[in-house]
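Welcome! Please take a moment with the sequence and the 3D view, and then read on for a short briefing.

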Amino acid sequence: MTEGRADAVGIHDDEAARKRLRRRYAAERRFRAYGLGAIGIAMLALVVLLASVTRSGLPAFTQHELTLEIHYDAELLDPDGTRDPEVLGRADYAKPVRAALASLFPAVEGRRERRQLAGLVSKGAVFELRERVLAAPELVGTREPVRVPLSDEADQYLKGKIRTDLPESQRKVSDRQIAWIEDLRGRGLVHQVFNFRFLSSGDSREPELAGIWGAAVGSLLTLLVTLLLSFPVGVAAAVYLEEFAPRNRWTDLIEVNINNLAAVPSIVFGLLGLAVFLNFFGLPRSAPLVGGMVLALMTLPTVIIASRAAILSVPPSIREAALGVGASPLQVVVQHVLPLALPGILTGTIIGMARALGETAPLLMIGMVAFVVDVPDGPLAPATALPVQIFLWADSPEPAFREKTAAAIMVLLAFLIIMNLAAVLLRNRFERRW
Amino acid sequence: MTAVEPTNATKVRVGDLSVFYGEKQALFGVDLDVPANQVTALIGPSGCGKSTFLRCVNRMNDVIDGCRVTGSILLDGVDVNDRTLDVVQLRARVGMVFQKPNPFPKSVWENVAYGPRIHGIASSHAELDRIVISSLDRAGLLKEVQDRLHEPGTSLSGGQQQRLCIARAIAVSPEVILMDEPCSALDPIATATIEGLIDELREKFTIVIVTHNMQQAARVSQRTAFFHLGEIVEEGETGKIFTNPTDQRTQDYITGRFG
Ligand SMILES: Nc1ncnc2c1ncn2[C@@H]1O[C@H](COP(=O)(O)OP(=O)(O)OP(=O)(O)O)[C@@H](O)[C@H]1O
Ligand SMILES: [Mg+2]
């Protein structure tokens, strides 16, 4: 061993070297701990969020119903015996409900008392009875037990959301009503059932009748319009800019502006939609078509930027290979570049879509904040969207809407999870396997 | 073109070719005749414009922003930059093999079938299959890939990939094949295979090959052109260039004194 070599070993083997090494390992361990800590905080935040939303939202998926012995009195509903749908539709179905309630509590006397008793049952019972009779006119004149929804106050009481230790004047359910409810429960007439109404109907002033389906369909239609507009336009723009456009001042200017557009606050797009689509072109207010167009404008820069990045990452050697055997520029793009760029393009598009799904502000500007009871049946029908529905319910005074708000958030999150799953599946489907 | 063509007629005649990348000039009035059914080797130090020259012949420079070409490149007497000549057709007649093997991320079969398919050369699937098989055979790859035709072309070894690229190029039945350092990424055995292949291909195709390997140029080519700083310093029969160069710079380069 030469002198120099021994020295070299010494440098890397003495006390100072070992100390340096220890410090390096310590730094590495510290860094890992930071990383783990960061992930832990993020996971904790997520768990707390999901847990609190689920805890307050889950009750909205059940609803208490009361079994009433309904007498479809022919005298009352169809005095002439024509079974004419128009007559049946106009008839007063509140009376059979009140009669059925009265038969359960014959002792109840007086207007005020009877009103309180009727208040146990949802106003929706009347509509549901009408639907039943219209669907089956032969029911007129018969009796049958029917399950009708309880009012939101009674439902909240049964779910334990109303504090009975408060003085009567400070709560929505009176002592009498509580007694009746307990009586009905004792007779086995009250059932807690899965709340199909919440998943299948539109908005309502009555919390127990309000559903998320109208907003969900509104969101779906809106997103469909957004996708149909922003995906082809965005991909075409990206392909043109990356593959065909000459590099000059104009394309630089366009590029800068696309990046700027991506950073524009969403409400500005709402104002644009209001000014251009509604006021200038006279398109209908509150329509998913307009909402979709506004969100498409908002999503477009995201799609373009993601698509350009994906196209840029396709190795130039593939383009040269295709050009070299005589493919035309269009063939190169369609047969080689786009298939390889597709996973990236799809990921970008779905991220844009997920952002569009959660967007509220621009929809407020174009009137999608209206109170819409009907489930929209097309892109021109008045509609609202999931985040706007959440906003509307969160703003409502009835305490029953609080659980609906949380439940609507759960539905929105479910939508997002489904979209992200779809993104992962699509990616795996199109990912280059070699 | 004409019915009777002497075997060693000029296939490509380049006259006064200059190429500019923006302000920078890469080729300065180059003249070169490429005879048919021979292998012409282009040698010269790095950055002297060999690739640039090659890419002019099938107009691959078209896609480079700011690249300008002047002068004439006659393929069978027709200028390749002529407006009447379609660039897609030109590239079907002048194939190219690149320095780095660049198979498509598709199956071996698809790689070779792609060219004939887009040019509509085969009228049926069976005919296309015949073309694929014979191209792979001529590229000396068939035996190795016979039972993995539907595996990805990118799963082959480097040398196999390069031969796949050659098969892809000859599947379109080009007249000229341009090769830009086709063996630079390969080991000596794969290189020997491809050199043997080039020698066979010469019968049917005109080949222009760029190489940094003097022995390779001497082995496979009949003619050699020595490029230096964007000009052709010397050009002639390979034997003469390597044994008795007239220019001092050629002499220095071949004997390894610079480059
Ligand atoms: N796309 C381009 N843009 C600008 N300049 C370029 C471009 N391609 C090549 N050049 C320049 O043109 C000159 C010739 O390049 P070329 O690639 O033809 O060299 P080469 O002889 O093939 O070199 P090598 O043996 O290293 O491959 C070089 O100076 C190079 O910098
Ligand atoms: Mg080169």
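Predicted model: local features only at pLDDT ≥ 70, side-chain atom pairs only at ≥ 80, totals over all residues.

Residues are numbered from 1 along each chain as its sequence is written, chains are lettered from A and ligands numbered from 1 in the order in which they are written, and side-chain values use heavy atoms, leaving out hydrogens and water.

**Salt bridges**

- Over all chains, a search of the whole structure finds 33 salt bridges (a side-chain nitrogen of Lys or Arg within 4 Å of a carboxyl oxygen of Asp or Glu).
- One of them links Glu15(A) with Arg22(A) at 3.6 Å, N to O.
- Both partners are partly exposed: Glu15(A) has 46% relative accessibility and Arg22(A) has 47% (buried means under 20% relative accessible area, exposed over 50%, and partly exposed in between, with a 1.4 Å probe and protein chains only).
- Arg187(A) and Asp183(A) also pair up, at 3.4 Å, N to O; Arg187(A) is partly exposed at 38%, and Asp183(A) is partly exposed at 31%.
- In chain B, Glu195(B) meets Arg219(B) at 2.6 Å, N to O.
- Glu195(B) sits in helix α7 (residues 188-201) and Arg219(B) in helix α8 (residues 214-220), so this pair ties together parts that are 24 residues apart in sequence (helices, H or I with at least four residues, and strands, E with at least two, are DSSP runs numbered from the N terminus).
- Glu195(B) is buried, at 8% relative accessibility.
- Back in chain A, Asp155(A), Lys159(A), Lys161(A) and Glu403(A) are joined into one network by salt bridges that share partners.

**Around ligand 1**

- Ligand 1 has 13 residues around it, and Lys24(B), Ser46(B), Ser51(B), Thr52(B) and His212(B) come nearest (a residue is near if one of its heavy atoms lies within 4 Å).
- The shell divides into four nonpolar, six polar and three charged residues (nonpolar: Ala, Val, Leu, Ile, Met, Phe, Trp, Tyr, Cys and Pro; charged: Asp, Glu, Lys and Arg; polar: the others, Gly among them).
- α1(B) gives the most to this shell, with three residues.
- A backbone N or O atom of Gly47(B) lies 2.8 Å from an oxygen atom of ligand 1.
- A polar side-chain atom of His212(B) lies 2.8 Å from a ligand 1 oxygen atom.

Key:
Polar contact = N/O pair within 3.5 Å; in protein donor to acceptor, adjacent residues only side chain to side chain.
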